[in-house]
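Colleague: I would like a close look at one part of this model. Please take me through it piece by piece.

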Amino acid sequence: MDVAGGAPLLGEPLPIELANTAYAVRGQPRDGLQTTAHLAAWLGEVASGEVASSEMRTTPTTADLATARRLRDAIRTIAAAIVRGDQPDDAAVATLNLCAVSTRQWRELQLRPDLHVVPRTDGTHSAAVLSGIATDAIELFGGPLRTELRACAGPGCVLFFLKDRPRREWCSPGCGNRARAARHYARARESGPTS
């Protein structure tokens with residue numbers, strides 16, 4: 001499991017990776033987006049294929065950080081509802097939709113030095129990436145992959161993942177090992193001391 005800005009990276013789709021910037025260490029909640037520097041580090045790790053032209057890169061603003069946290073919380077709220085089989089919260093869906101349209105993005109054809117495409121936005125680089133993540137979340141939650149969304153069954157874990165294998169129950173092998181160890185110790189306690 002890689003870490004960016006203090007948050008785990010599991011190789012999940014970007015909306016799930018953003019949701020997972022709210023995580024737990026030994027059952028204690030952590031926030032991987034506490035500062036604009038954390039957001040910059042996280043975006044640097046995950047957004048290489050997104051609107052990521054070096055011409056567009058800027059340091060995230062406090063407004064970008066606030067948007068990232070709002071978007072993350074909306075995605076977590078919707079994901080938790082889907083995993084439980086509940087109807088997602090109207091406010092979370094409205095936040096997701098608003099984030100998706102908050103920054104206009106387009107591509108321009110440039111002539112020099114050779115013909116090439118340059119991504120453009122009317123906002124900051126961070127805002128453009130977050131808008132793209134919101135759009136990806138809309139596709140994920142409204143599409144067929146929604147049925148593969150899971151909450152990790154590891155003890156104390158609060159991460160989400162897409163079930164890509166039939167027997168997958170955990171976000172990472174580490175959570176699987178902790179779950180198996182917890183079951184082993186619980187069985188050992190139940191059977192009592194051996195002589």
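Colleague: Please look closely at helix α3. Which residues in α3 meet α5, and at what angle do the axes of the two helices cross? Which residue forms a salt bridge with R69?

Modeller: Bear in mind that this is a predicted model. I start with the helix pair. Helix α3 covers residues 62-84, and helix α5 covers residues 125-142. Their axes come within 10 Å. They cross at roughly 10 degrees. An angle under 35 degrees counts as roughly parallel, so α3 and α5 are roughly parallel to each other.

Next, the contact itself. On the α3 side, the residues are D64, T67, A68, L71, I75, I78, A79 and I82. They meet S126, A127, L130, I133, A134, A137 and F141 in α5. By class, the contact of α3 with α5 has twelve nonpolar residues, two polar and one charged.

Now the salt bridge of R69. Its partner is D31, with N to O at 3.9 Å. A salt bridge here needs the nitrogen within 4 Å of the carboxyl oxygen, so the pair at 3.9 Å counts. This bridge links distant parts of the chain. D31 belongs to strand β4, residues 28-31, while R69 sits in helix α3. The two are 38 residues apart. What about exposure? D31 is at 23% relative accessibility and therefore counts as partly exposed. R69 has a relative accessible area of 29%, so R69 is partly exposed too.

D31 leads on to the strands. In β4, D31 stands opposite A22. Strand β3, residues 22-25, runs antiparallel to β4. Four bridges join the two strands. Together β3 and β4 form a hairpin, with two residues between them. R26 lies in the turn and has a positive phi of about 50 degrees. That is the local setting of the residue that meets R69 through a salt bridge.

Back to the end of α3. The helix spans residues 62-84, and R84 forms a salt bridge with D86. The closest N and O atoms of R84 and D86 are 2.8 Å apart. R84 is at 55% relative accessibility and so counts as exposed. D86, at 40%, counts as partly exposed.

These pairs belong to a wider set. A search of the whole structure finds nine salt bridges. One of them joins R165 and D164, at 3.0 Å from N to O. R165 has 49% relative accessibility and therefore counts as partly exposed. D164 has a relative accessible area of 53%, so D164 is exposed. Salt bridges that share partners join E12, D164, R165 and R168 into one network.

Two further positions, for context. P13 is found in the loop between β2 (7-9) and α1 (14-19). Its relative accessible area is 31%, so P13 is partly exposed. P13 and L162 are 149 residues apart in sequence, yet their C-alpha atoms are 8.3 Å apart in space. The other position is G174, in helix α6, residues 173-191. With a relative accessible area of 27%, G174 is partly exposed. G174 and G154 are 20 residues apart in sequence, and 8.8 Å apart from C-alpha to C-alpha.

To sum up α3: the helix runs roughly parallel to α5. R84 is bridged to D86.

How values were computed:
Residues are numbered from 1 along each chain as its sequence is written. This is a predicted model: local features need pLDDT of at least 70, side-chain atom pairs count only at pLDDT 80 or more; totals for chains, interfaces and linings use all residues. Side-chain values use heavy atoms; hydrogens and water are left out. Axes are lines fitted to C-alpha atoms, for helices over the stretch in contact, and angles run from 0 to 180 degrees between N-to-C directions. Angles under 35 degrees count as roughly parallel, over 145 as roughly antiparallel, 65 to 115 as roughly perpendicular and the rest as oblique. Contact means heavy atoms within 4.5 Å. Ala, Val, Leu, Ile, Met, Phe, Trp, Tyr, Cys and Pro count as nonpolar, Asp, Glu, Lys and Arg as charged, and the others, Gly among them, as polar. A salt bridge is a side-chain nitrogen of Lys or Arg within 4 Å of a carboxyl oxygen of Asp or Glu. Buried means under 20% relative accessible area, exposed over 50%, partly exposed in between (1.4 Å probe, protein chains only). Two strands pair if DSSP finds at least two bridges between them.
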